[in-house]
Amino acid sequence: MRVPYMFSETNSESCPSFSKSSDMRRTDESDIVNEMKQNEEDPTYCRSVSLEKSKFDLHLQLLAIQIPQELCRVITRILQGYLLDRPRVKPVVQDPSNEKARLLILSESIKDPGLFEVPADKLEAIKELCDVKVVPYSLVLGYMYWTADHILREILPPGVEVPSSFETIGHIAHLNICGDLLPYKHVIARVIFDKNQPKIKTVVNKVGTISNEFRVPSFEILEGEENLVTEVKQYGATFRLDYGLVYWNSRLEHEHKRLVSQFQPGQIICDMFSGVGPFAIPAAQRGCHVFANDLNPASANYLRINAELNKVKGKIFIHNMDARDFMHHLMVRRVNEPDLGGHFEECQTSNLELLKSSGISLVDEKLSYNHECSAVELKNGNGRVPGENVPESIETLVGDTIVESGKWSRGSMEDITKIESSKRSKRKEKGGTETTCTEISKSKTWEHLDHVVMNLPASALEFLDVFQGLFSRSYWKGPMPWIHCYCFMRSNETEELIIKRAETALLSKIEDPIIHRVRDVAPNKAMLCLSFRLPEAAAFKDDKISTNFECQDDEIRNINSEALLKRPRTDMGLVSTSNPV
């Protein structure tokens with residue numbers, strides 16, 4: 001029999017109270033749903049829905065045996081199978097009338113005070129130890145006893161699917177309520193909130209479709225605190241983030257550990273779509289030198305914060321730019337490496353044509369930068385301050401300073417030196433520590449990278465063409481880097497198809513690819529990680545990349561052609577979507 005319940009709204013004028021019992025079925029429930037839908041459309045509709053919790057109280061009239069506390073363990077073994085068997089309820093309790101006695105609560109099936117349901121030999125064994133005294137015992141199982149699943153099954157209408165799980169991000173519970181469940185989202189959130197305190201303090205639900213360039217979903221807060229800034233701990237690392245501004249997926253925790261475990265101390269790691277650092281931070285903790293990038297300025301800012309929280313600030317070089325610009329930026333050969341701040345005193349570029357076409361002023365093949373702002377200001381809501389003749393995507397976060405789109409212009413480094421010197425003096429006066437990037441600045445990315453992480457499953461395969469002619473054989477040292485490209489595979493696709501797509505983007509054949517199945521994201525959709533050594537034929541610009549690379553499948557060629565035509569563009573004509581899944 002279903003337990004009756006009541007919704008009690010906090011605003012009696014806009015949210016009338018109503019109750020439902022087990023004998024109210026189709027007519028009453030349809031009226032309730034219609035009323036709730038109308039209220040949802042009303043801007044004055046209240047957000048807080050509280051249950052009539054007393055309706056869930058279950059009163060049990062039981063029997064118990066009073067025994068001396070020193071015989072508790074022995075008699076419990078004798079009566080095994082005849083004691084109360086309820087989850088989360090102990091059958092042994094303190095006797096309120098005698099502090100030296102205990103009460104053994106008997107099974108619900110034992111109704112007679114003479115204990116005729118208990119075998120005679122067991123009763124005789126107990127009587128040899130002590131006098132058997134049977135007393136009545138009342139037990140109330142209230143709202144907090146029942147699980148969230150049980151309560152939701154009782155209160156939701158028949159035929160409505162009960163939410164089976166939710167994602168936890170620090171103190172936030174992320175629900176995915178849609179369809180028939182929408183009229184009941186507030187009561188569902190209330191139950192989830194009640195059953196997961198004190199860990200869960202905020203319950204949110206995703207609303208609408210992802211339409212922003214950073215692919216961050218929008219949320220509505222259904223219950224609890226209006227605070228989306230939280231901290232998540234994974235394998236010894238702490239991540240602070242604003243769940244409303246950046247992307248985070250707790251279900252990828254084991255994948256983060258699996259991939260980072262393949263990195264070795266001292267290796268150079270490139271993270272093209274870093275987010276707040278689920279790969280970058282553990283890699284730095286492992287002793288790697290990490291060059292991380294994300295298009296979302298909020299993600300770049302929280303990655304800086306997380307680098308400080310985890311004490312790996314000197315091992316992470318953070319960028320806030322388009323992923324393609326980022327890779328070309330890493331391949332720029334810099335003659336004089338800085339010890340602080342990441343401002344390049346002189347830059348000899350191996351991609352001069354690219355920089356010139358981007359509108360960057362070049363003076364004797366040297367670049368200088370006028371520092372104008374800090375990204376932590378996050379102006380205009382997008383964290384960018386446009387500069388002269390420079391795409392907004394050219395932004396770099398270095399050490400404790402986020403360098404944004406200022407002015408690339410003619411001139412010397414004298415002004416920059418004065419600015420940085422003034423900042424260092426102020427930090428010392430305040431007793432702060434001076435941030436240096438000496439260790440990581442010695443990592444010459446145009447000479448060697450060990451691993452490149454591409455955690456953007458929705459479109460990472462399309463970004464593989466950035467490696468076409470990206471490296472210079474004159475500077476490169478050592479083996480080619482490992483590429484770890486995350487992607488989705490639908491049920492009607494094969495792993496061979498994924499590999500062919502990657503080869504088409506690279507215009508080169510991949511030798512010995514490794515595919516790891518990460519997780520199923522939907523019944524007909526899986527997330528994969530494609531790992532392979534970057535082919536030399538694709539990487540070196542002084543090698544002739546075959547323009548007539550033979551793709552064995554016409555379908556793949558058509559897919560990639562359509563993807564190029566539909567690809568979103570920035571001012572540089574480069575893809576601007578950058579957010580990890």
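Reader: At what angle does helix H5 run to E11?
Author: Helix H5 (residues 185–195) lies across E9, E10 and E11. Helices (H or I, at least four residues) and strands (E, at least two) are DSSP runs, numbered from the N terminus. Axes are lines fitted to C-alpha atoms, for helices over the stretch in contact, and angles run from 0 to 180 degrees between N-to-C directions. On that scale H5 runs to E11 at about 60 degrees.

Reader: What kind of model is this?
Author: Residues are numbered from 1 along each chain as its sequence is written, and side-chain values use heavy atoms, with hydrogens and water left out. Local features need pLDDT of at least 70, side-chain atom pairs count only at pLDDT 80 or more, and totals for chains, interfaces and linings use all residues, as this is a predicted model.

Reader: How many helices and strands does the chain have?
Author: The chain has 581 residues. Its secondary structure comes to 16 helices and 24 strands.

Reader: In what order do the four strands of the open sheet lie?
Author: Two strands pair if DSSP finds at least two bridges between them. The edge strands, E8 (167–169) and E11 (218–224), each pair on one side only, and the twist averages 30 degrees from one strand to the next. The pairing in this open sheet is mixed, and the order is E8-E9-E10-E11.

Reader: Which residue is the bridge partner of Ile-172 in E10?
Author: Strands of a sheet pair through backbone hydrogen bonds, either parallel or antiparallel. Strand E9 (residues 172–175) and strand E10 (residues 202–207) take the parallel sense, over four bridges. In E10, Ile-172 has as its bridge partner Thr-202.

Reader: Are H4 and H5 roughly parallel or roughly antiparallel to each other?
Author: The axes of helix H4 (residues 148–155) and H5 come within 10 Å and cross at roughly 155 degrees. Angles under 35 degrees count as roughly parallel, over 145 as roughly antiparallel, 65 to 115 as roughly perpendicular and the rest as oblique. H4 and H5 are therefore roughly antiparallel.

Reader: Is the crossing of H4 and H5 left-handed or right-handed?
Author: A crossing is left-handed if the near helix is turned anticlockwise from the far one by less than a right angle, and right-handed if clockwise. The crossing of H4 and H5 is right-handed.

Reader: Is Leu-156 buried or exposed?
Author: Leu-156 is in the loop between H4 and E8. Buried means under 20% relative accessible area, exposed over 50%, and partly exposed in between (1.4 Å probe, protein chains only). At 2% relative accessibility, Leu-156 counts as buried.

Reader: What phi does Tyr-235 take?
Author: Most residues other than glycine have a negative phi, and most peptide bonds are trans. Tyr-235 is found in the loop between E12 and E13, and at 41% relative accessibility it counts as partly exposed. Although Tyr-235 is not a glycine, its phi is positive, at about 45 degrees.

Reader: What is the relative accessible area of Lys-311?
Author: Lys-311 lies in the loop between helix H8 (297–309) and strand E16 (316–319). Lys-311 also has a positive phi, of about 60 degrees, although it is not a glycine. Lys-311 is exposed, with a relative accessible area of 75%.

Key. Contact means heavy atoms within 4.5 Å.
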